[in-house]
Amino acid sequence: MATIRLGDKAPNFTADSSIGKINLYDYLGDSWGILFSHPADFTPVCTTELGTAAQFKGEFDKRNVKMIALSVDGAASHLEWIKDINEVQKTNVEFPIIADEDRKVSDLYDMIHPKADSTLTVRSVFIIAPDRTVKLMLTYPASTGRNFYELLRVIDSLQLTANHKVATPANWKNGEDVVVSPAIPTEEAKKMFTKGVKEVKPYLRMTPDPTL
């Protein structure tokens, strides 16, 4: 089993899902993607997560991000579970949930950690750029639900820093000041970032969000 690292090509796959057979690359098209796994259907934390993901669909759409979930249960089970999710979370799950009964995709993405559970997936998250490279990986234990505000924050950072020579500081939120890339000399940075560059230290320069 190959280990996936940041910058690697996200492995492609074709699998059954709650919306029928899908191919990852075809489904994503020229969009960003977020692939996240769930230990099993009809589990409490997963029910809240998938409902929350559905509630955040508008925010993901604004960022050109397509969601795709995965569980080791079958498509028929997913469809029954979705009814519960929609009822409990008062939402409408429209994104696909991969049916990974043979654990092919789980193994491809190293989502099963035997010391945590030998059969169920951990809560893995992969953010995939339009060029199919993996930009972020997060792994949560089964007992901890994900923070979707944080996932949106990370996507905002990834999309900003992909197009501008900046980085985002700790606890950064969309619209706040960003860090000038250390590779850019300060005088050059002042010409590049016309809204101003504040030199906190020679290696730490801040500038307003260049997209605003």
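Select K57: its relative accessible area of 29% makes it partly exposed. (Buried means under 20% relative accessible area, exposed over 50%, partly exposed in between, with a 1.4 Å probe and protein chains only.) This is a predicted model, where local features need pLDDT of at least 70 and side-chain atom pairs count only at pLDDT 80 or more, while totals for chains, interfaces and linings use all residues. Residues are numbered from 1 along each chain as its sequence is written, and side-chain values use heavy atoms, with hydrogens and water left out.

Stop 1: K57 and D61 form a salt bridge, with the closest N and O atoms 2.8 Å apart. (A salt bridge is a side-chain nitrogen of Lys or Arg within 4 Å of a carboxyl oxygen of Asp or Glu.) The two sit four residues apart in helix 3 (residues 57-62), so about one helical turn separates them. (Helices are DSSP runs of H or I, at least four residues; strands are runs of E, at least two; both are numbered from the N terminus.)

**Stop 2: a network.** Now select E59, K62, R63 and D156. Salt bridges link these four in a network.

**Stop 3: the core.** Click F60. Leaving aside neighbours within four places in sequence, F60 is in contact (heavy atoms within 4.5 Å) with I34, V65, M67, F148, L152 and I155. Next, show the largest nonpolar core, which has 47 residues. (A nonpolar core is a set of buried Ala, Val, Leu, Ile, Met, Phe, Trp, Tyr and Cys residues joined through side-chain atoms within 4.5 Å.) F13, I34, F36, F60, F95 and Y109 touch the most other members. Helix 6 (residues 148-163) gives this core its largest share, six residues. A second, separate core has nine residues, including L160, V166, W172 and I184.

**Stop 4: E49 and R146.** Which pair ties together parts that are 97 residues apart in sequence? Select E49 and R146. Their side chains meet in a salt bridge (2.9 Å, N to O). E49 lies in helix 2 (residues 44-55) and R146 in the loop between strand 7 (134-140) and helix 6, so the pair ties together parts 97 residues apart. E49 is buried, at 2% relative accessible area. R146 is buried as well, at 8%.

**Stop 5: helix 7.** Pick K190 and E187. Their salt bridge has its closest N and O atoms 3.7 Å apart. They are three residues apart in helix 7 (residues 186-192), about one helical turn. K190 is partly exposed at 43%; E187 is exposed at 54%.

**Zoom out.** The chain has seven helices and 11 strands. Of its 212 residues, 47% count as buried. The salt bridge count comes to nine.
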